[in-house]
Amino acid sequence: MFGRIFERGVSFVGTDYLSHLLWDKYIEFEYSQQDWSRVARIYTRILQIPLQHLDRYYTSFKQIARSRPLAELLTTEEIAAAAAAAAELEAKAAAEANVQVREAAQAGDVTPLSDGDGDASAVTEAVIEAVTEAVTEVVTEVVNEAKTEAADGADNPEKEVECGDSKALEEYLAVREIFYKAAKEWDSKIRDFEIAIRRPYFHVKPLDEAQLGNWHRYLDFVEKEGGFEKTKKLYERCLIACANYPEYWIRLVQRMDTEGQLELALDGLRGATSIFVKRRPEIHLFAARFKEQHGDVEGARVAFETLRNELVPGLLEVYVKQANFEHRQGNAEAACAVLDAALQSEKLKEESRALTVLYIQYARFLDQVLRSEDKARELFTTALDHLPTSKALWEAAIYFEVSHTTGEEQVYRVDALVERASAPLRPDGSPGLLLVDREEISNVYLEYVDLFGDFDAIKKAEARHRQLFPSRKSLLDSKKRTSAELAGPQAKILKPYVVAAVTPSPVAAPVVINGQAWTTTSFTPQTAYSQPQSQAWQQPAPQLQTQQWNHGYASYGAYATYAQPQPQPSVQQQSVYTTYAQAYQPQEVIQTYAQVQPASSYVQPSPTAQVQPSGTTVYYGSYC
């Protein structure tokens with residue numbers, strides 16, 4: 001009884017990566033029953049499954065195999081197969097011996113049998129029978145000895161015993177080792193996917209994007225390299241954790257259909273639409289398409305009706321897809337009836353956001369699918385009367401006329417629509433489009449009529465535009481931008497940074513402060529653009545802003561210039577400081593002014609020499 005329960009459990013989840021707990025309980029149960037052949041068979045099954053604890057199972061199996069007689073580990077089927085193989089080998093050896101006897105008889109080395117002694121075939125049959133009886137006796141003796149040894153070693157099952165034929169044991173273990181290596185190789189491929197599964201069970205809390213993406217990648221890998229059984233088992237695991245996500249149910253149905261398992265696909269579809277994600281419209285839309293694909297037209301129609309009447313009444317996608325479905329079935333009237341019903345339903349709503357799109361879709365269906373231009377134009381007229389403030393509807397109607405008429409008729413029809421759209425008021429006095437929308441439509445029409453219309457049409461359009469929008473810019477003017485705006489924000493960042501360089505000017509007149517005469521030196525700033533080139537390339541030097549300072553700052557040398565600003569004569573620039581590369585961030589320029597000596601100790605510099613007060617060093621700014 002318990003064995004059947006364990007078998008039922010491992011049939012459902014025995015191949016799961018984390019099913020070692022179930023297998024441990026199963027082994028523990030069989031171990032308590034001292035049924036070593038069943039224990040060995042369970043280990044053999046486990047070694048073919050890439051479980052998380054595969055190494056532990058392989059080590060435990062080798063310990064049991066070396067501690068018990070081989071006859072205890074073999075099942076009845078394996079013993080029978082071994083006996084049959086041994087009998088076949090003995091029969092083959094007897095046949096070879098018979099051939100050798102015949103060859104020797106023909107050569108004269110052995111006296112042939114006489115008629116009284118029987119023929120060679122009778123001898124061969126007797127030999128085979130004798131060999132078979134001998135093999136049977138040996139197998140029976142080995143089994144009996146194994147049972148006796150098992151009874152003697154029941155108190156200490158872990159004790160290692162001699163199994164008689166060590167070669168047979170090694171062959172027995174070699175087969176299981178092949179199973180283990182194959183499972184270990186597959187485990188190395190799926191380990192990363194299994195580790196990324198943080199929640200293998202179902203929960204109402206949504207899964208994060210990382211786990212959802214891991215499931216998709218895992219399914220992609222197994223579908224490509226794992227085969228049907230592994231793929232089926234992984235989908236069963238995936239749909240436990242991802243039961244609330246329709247995309248995995250859709251993927252299951254599509255995969256099973258690709259594998260030719262239509263019944264499994266339909267079972268998954270029924271579970272999704274009736275139990276797990278029955279309130280999600282996308283699974284019902286997929287069900288309708290899947291059923292249509294397999295010839296179940298009525299089932300597809302029922303799915304659409306369920307969506308329209310129960311789940312999501314008013315969903316635009318449902319109306320459009322059902323109309324297209326009816327058209328594929330050759331029923332154009334039913335398709336139009338679906339769209340008409342949708343229009344009537346949306347008109348009953350006070351503010352329907354889908355009504356505009358529904359009008360456009362219906363008109364496109366009439367025009368491009370049913371090839372009924374007149375019905376499409378009539379529908380546009382009705383729609384514009386019902387929704388005169390919809391810019392998208394006006395643009396769709398204008399595009400319809402542009403794509404269906406040519407020459408003067410085209411310009412005439414488009415002009416009539418633009419005139420209605422750009423009017424501030426409707427004939428009944430209600431407001432029309434917004435001012436911005438009306439002007440945009442009028443501007444676009446100006447470009448259109450300039451390309452396709454004649455002189456009278458252009459004159460009429462321009463006059464109407466000036467009358468309706470007298471004080472507003474045209475579309476082309478409003479779109480004009482300067483080169484700096486076209487270049488974007490990088491134009492300002494990459495603009496060279498201007499650094500003001502300071503050079504001393506000739507000595508100004510002494511300034512008397514607190515009864516003492518001071519001689520000041522004024523500084524003329526230079527820009528970084530002041531290159532030693534011709535005057536045409538030199539930038540004008542910016543003027544430093546003068547500021548009134550308290551006379552107390554006069555004792556700090558060059559700051560006395562701010563007390564009594566003097567007019568500066570123009571002098572030739574002597575030193576030029578260029579800018580660094582544009583990638584450097586602008587930094588504050590710190591200027592240090594040297595203290596000016598009194599007039600009595602000041603020496604007039606020569607015209608070619610640069611002014612350098614004795615004992616001081618002038619710094620004009622640095623980018624260090």
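This is a predicted model: local features need pLDDT of at least 70, side-chain atom pairs count only at pLDDT 80 or more; totals for chains, interfaces and linings use all residues.
The protein chain comprises 25 helices and four strands. It has 624 residues, of which 35% count as buried. Among contacts in the protein chain with a separation of 6 or more, 59% are accounted for by residues 24 or more positions apart.

Aromatic side chains were examined next. A pair of aromatic rings is described by the distance of the centres and the angle of the planes. The structure holds 19 aromatic pairs. One of them joins Trp-186 and Phe-221, with ring centres 5.5 Å apart and planes at 25 degrees; the pair is therefore stacked, since planes under 30 degrees apart count as such. Trp-186 belongs to helix α8 (residues 166-196) and Phe-221 to helix α9 (residues 209-225), so the pair ties together parts that lie 35 residues apart in sequence. Both Trp-186 and Phe-221 are buried.

A further aromatic pair is formed by Phe-380 and Phe-400, with 5.4 Å from centre to centre and 45 degrees between the planes, an arrangement that is tilted. Phe-380 is found in helix α18 (residues 373-386) and Phe-400 in helix α19 (residues 391-404); the pair therefore ties together parts 20 residues apart in sequence. Phe-380 and Phe-400 are each buried.

Trp-186 and Phe-221 also take part in one aromatic cluster together with Phe-193, Trp-215 and Tyr-218.

Two packed helices are described by the angle between their axes and the distance between the axes. For helix α12 (residues 262-276) and helix α13 (residues 281-293), the axes come within 10 Å and cross at roughly 150 degrees. Because angles over 145 degrees count as roughly antiparallel, α12 and α13 are roughly antiparallel to each other. Their crossing is left-handed. On the α12 side, Leu-262, Ala-265, Leu-266, Leu-269, Ala-272 and Thr-273 take part in the meeting of the two helices. The residues that they meet in α13 are Ile-283, His-284, Phe-286, Ala-287, Phe-290 and Lys-291.

Technical notes
Residues are numbered from 1 along each chain as its sequence is written. Side-chain values use heavy atoms; hydrogens and water are left out. Rings of Phe, Tyr and Trp (its six-membered ring) pair if their centres lie within 6.5 Å; planes under 30 degrees apart count as stacked, over 60 as edge-to-face and the rest as tilted. Buried means under 20% relative accessible area, exposed over 50%, partly exposed in between (1.4 Å probe, protein chains only). Axes are lines fitted to C-alpha atoms, for helices over the stretch in contact, and angles run from 0 to 180 degrees between N-to-C directions. Angles under 35 degrees count as roughly parallel, over 145 as roughly antiparallel, 65 to 115 as roughly perpendicular and the rest as oblique. A crossing is left-handed if the near helix is turned anticlockwise from the far one by less than a right angle, and right-handed if clockwise. Contact means heavy atoms within 4.5 Å.
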